[in-house]
Amino acid sequence: MNIPFTQHTLENGLRVIIHEDRRLPMVAVNLWYHVGSKNEHPGRTGFAHLFEHLMFEGSQHYDKGYFHPLQEAGAALNGSTNPDRTNYWEVVPTNALDLALWMESDRMGYLLPALTMQKFETQREVVLNERRQNYENRPYGLSTSAIVAALFPSDHPYHWMTIGETADLKAATFDDVREFFRTYYHPSNASLVIAGDVDTDDALERAKQHFDEIPPGPKPAPLDLTAEITGERRLLLEDRVELPRLYLSWHSPAMFTDGDAEMDLLSDLFANGKVSRLYKGLVYERRIASEVMAFQNSRELGGFWQVLATAAPGHSLVEVHQAIDEELARLTEEGPTEDEMHRGHAQVEAQFVYRLQTLGGFGGKADQLNAYSVFVNDPGYFERDLARYAGVTQLDLHHAVRKYLRTDNRVVMSVVPRGKLSLALPDSTPAVVS
Amino acid sequence: MTRADRTRLPAVGPLLPFRFSRIEKDRLTNRLSLWSAEHRTLPVVAFILVLPSGSAADFEGYEGLAAITADMMDEGTGNLSAIDVNAAFGRIGAHLETEVSADATVFTVTSLAKFARQALTLFADCIIRPRLAEEDFDRIRELRLTRLVQIRDMPSAIADRAFMQVVYGTHPYAHMALGTEESLRQLTIETVKTFHSRLYRAPNATLIASGDIGADEFRRIAADTFGSWPQGAPEIPDDAAIVPPPFAPVHRLVIVDKPGSAQSEIRIGEVGLARDTPDYHQLIVLNMILGGQFVSRINMKLRQEKGLTYGARTAFDFRRGRGPFVLQTSVQSDGTGEAIRSSLLEIDAIRTDRPPTAEEVEVAKAALTRGYPRNFETAEQIARAMAQLVLYGLPDDYFDSFTSRVSGVTVDGARQAASTHLHPDRLATAIVSDSSIVLPQLAAAGLGEPTPLLPRL
């Protein structure tokens with residue numbers, strides 16, 4: 001099982017990866033820029049994402065909205081920004097490949113001449129509304145913002161959320177836009193995948209026709225920052241919610257490094273699905289929580305592992321906290337069972353196969369090739385990625401729990417209904433959210 | 001090597017042909033319908049069980065029954081507890097998903113092909129022989145009641161409820177699948193057993209397979225697993241499709257007051273059309289122009305021109321009966337009056353002084369047809385597509401003929417769909433926001449005084 005590909009690097013440094021899959025008459029174009037909110041600076045947050053919006057507002061040779069010609073050609077398209085990278089994609093009928101390449105290359109090579117103050121100001125308003133809709137007006141929506149601010153020190157680039165702080169977005173200037181584009185949006189900081197109903201040589205030729213002319217830029221220096229927590233920090237956050245919720249967060253291994261797969265497997269085993277330990281203990285048997293979840297947030301500079309539980313009506317976060325710590329202590333003491341390992345491996349194997357079904361879009365094969373290209377410098381990493389999960393033993397997982405999930409190196413945050421501070425865990429201090 | 005010509009956009013070629021997989025149909029002796037479409041690209045199979053009874057079939061006063069019944073299906077069977085069932089699916093990396101809409105209850109099982117038999121065996125046990133134990137029911141109902149409590153602070157869920165309530169009044173489409181606190185408290189495990197025994201019957205159901213499995217193999221496995229489902233007399237519930245929805249909304253403008261809201265959540269719409277309307281393809285073209293894609297009039301106006309929102313869209317929800325037409329958006333609170341006024345203007349304009357243009361119709365048709373094949377990549381997408389055929393009685397060649405049906409829509413057809421099926425005088429608007437900020441804007445925009453509403457929860 002794999003995603004077969006060929007890879008070429010153009011003279012300007014652009015990586016071009018081509019994958020043939022002729023099942024349906026369509027092609028996925030996927031372009032990653034190795035820039036995200038981690039390349040921002042305090043006081044200037046939210047910029048990478050705001051910039052992503054501007055990439056859809058037209059470029060020098062087609063200075064109208066980016067969506068119109070592509071939707072008319074039958075394309076699906078979108079983009080997204082996270083702390084580590086920004087991606088753009090189109091899925092087009094085979095005979096619209098040139099159009100997609102033309103549009104992507106025009107905004108890579110010729111964005112700034114078409115950028116106006118008016119586009120900038122409108123998209124800033126759109127982003128502020130995106131922030132209100134998806135974070136401020138959503139129950140528990142600002143929790144992650146408060147947690148990363150506590151896990152990472154203020155000069156660490158994971159200290160802020162990709163959506164950015166409202167004051168920073170309002171303070172962003174037009175000059176910032178130009179500088180950001182010149183630094184990060186050029187061929188040597190990007191990776192292009194063309195996947196689908198194409199012939200490899202022909203697709204490469206088309207990529208060259210569109211991207212060769214764009215001059216390279218300086219490769220941004222990699223960041224190297226670490227963060228740690230010593231002790232348990234207890235925070236509280238008031239929100240427009242009915243039920244209190246507890247979040248426990250720990251630093252964890254960076255994406256694709258030793259221990260990352262263990263923590264990912266651990267999330268499911270511990271709190272995802274009815275058969276997980278926390279669901280069984282807290283929701284099914286004791287009924288003190290109404291929902292539980294865990295995640296390994298894998299990132300380039302370092303990850304964080306998180307578990308959350310919402311109290312059932314009539315039950316307190318103190319009870320919930322104690323129950324989670326009991327389950328954690330049991331796992332730390334006894335390690336995972338053979339059946340848990342079997343399920344974890346079976347689910348990972350199935351997931352890896354399921355995700356090969358989709359060519360483009362977020363998480364499709366083109367996106368996977370680029371993730372491997374940008375983060376481990378090897379688009380062919382699929383099999384090794386699967387192997388790193390398949391190779392996790394009972395002992396490895398037990399070791400990871402002991403190493404990372406201690407009670408003296410975590411952030412414990414209570415989210416409580418407004419005005420009901422007494423529902424938080426004792427000794428919690430108000431979290432900082434902007 | 002030639003360099004790209006930047007003086008114009010590259011031309012795109014003609015519409016490319018697409019054919020849906022061949023559909024095989026069969027029936028077990030207990031009259032369970034079997035549909036399958038082979039799609040051998042990866043070792044994956046998807047199974048879908050369709051029951052044509054959803055929340056609109058809830059017994060009156062027992063809203064939430066269809067959904068809680070579906071939810072009880074993986075809560076234990078035979079010697080297996082809820083935990084055991086989920087562990088068993090986990091051991092083969094398979095998933096069971098449950099969805100209850102107004103029209104249907106749909107279960108989806110995705111599995112690796114090598115575990116197809118195991119997955120279907122377990123799935124059949126869940127559906128045919130669920131434990132339906134009182135203690136499990138109590139827990140599941142408690143979780144659903146808790147969900148209702150949490151929804152109080154979810155503006156989008158509140159807006160959906162307020163909108164459906166004012167547009168549908170007492171019609172079966174007025175309530176959400178989850179039900180209300182009052183109706184959930186009426187439910188007992190006995191009501192669930194009754195609903196299950198009446199509606200979860202082989203002759204009512206269709207089992208669909210897609211992916212790395214042939215029709216013969218599917219039939220053998222289905223016979224071995226679902227063959228033991230008692231036939232019983234087929235019973236089709238009172239169908240909401242035959243209940244006429246109200247002609248006019250209960251109120252034209254309502255507000256659910258949420259002091260301190262960061263935005264205003266807005267729904268604007270009316271009773272729309274059923275899936276069997278002869279104007280279906282005209283309406284989907286019209287919707288693309290009005291609010292069905294990024295470059296639609298509504299999104300361009302509210303987002304790209306005014307920056308009032310992250311996005312705005314419209315949709316016709318075609319059901320067996322007449323589902324809603326709705327515009328939905330979430331806008332900055334101080335732009336609420338302006339957003340509503342602009343939206344109403346756009347809906348009115350597309351049927352009067354700014355009808356769809358020839359260019360808009362061409363773009364909409366191209367957007368719907370040229371990328372059509374991407375809807376059929378995965379085993380699950382193909383199975384879901386077949387479920388649509390089952391639910392709405394569409395012909396087997398529907399997906400093959402879709403692009404020609406859409407291509408046949410004329411500018412006049414789209415214009416007529418707008419003037420016939422959009423009714424500015426019947427539109428209802430529901431707002432979830434901070435009243436103190438919004439009321440003066442509504443007055444200033446000439447929208448009048450909204451009726452305060454507390455949606456049923």
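Grid points are joined across faces, edges and corners, and a volume is the space filled by probe spheres set on the points.

Before you click on: this is a predicted model, in which local features need pLDDT of at least 70 and side-chain atom pairs count only at pLDDT 80 or more, while totals for chains, interfaces and linings use all residues. Residues are numbered from 1 along each chain as its sequence is written, chains are lettered from A and ligands numbered from 1 in the order in which they are written, and side-chain values use heavy atoms, with hydrogens and water left out.

**Stop 1: the cavity.** Select B:Val167, B:Pro246, B:Phe247, B:Ala248, B:Pro249, B:Glu270, B:Val271 and B:Arg426, which line the second largest cavity; lining residues have an atom within 4 Å of a point. Six of them are nonpolar, none polar and two charged (Ala, Val, Leu, Ile, Met, Phe, Trp, Tyr, Cys and Pro count as nonpolar, Asp, Glu, Lys and Arg as charged, and the others, Gly among them, as polar). In total, the structure holds six cavities of 30 Å³ or more.

**Stop 2: the largest pocket.** A pocket is an open set of points with protein on both sides within 12 Å along at least five of seven lines. The largest pocket holds about 740 Å³ of space. Its lining has 34 residues, and B:Asp58, B:Glu60, B:Gly61, B:Glu63 and B:His175 lie nearest its centre. Now colour helices H5 (155-168), H6 (181-186) and H7 (189-199) of chain B, the elements that give two or more residues to this lining. Helices are DSSP runs (H or I, at least four residues), numbered from the N terminus. H6(B) gives the most, with four residues. By class, the lining has 12 nonpolar, 11 polar and 11 charged residues.

**Stop 3: the second largest pocket.** About 530 Å³ of space lies here. Of its 27 lining residues, select A:Gly65, A:His68, B:Val295, B:Met300 and B:Gln304, the closest to its centre. The lining divides into 10 nonpolar, 10 polar and seven charged residues.

**Stop 4: a crossing in chain A.** Show A:Leu331, A:Thr332, A:Glu333 and A:Glu334 in H11(A), which meet A:His398, A:Val401 and A:Arg402 in H15(A) (contact means heavy atoms within 4.5 Å). By class, this contact has two nonpolar, two polar and three charged residues.

Key: 1 Å grid on protein atoms, 1.4 Å probe; cavity = no way out; pocket = protein on both sides within 12 Å on 5 of 7 lines; lining within 4 Å.
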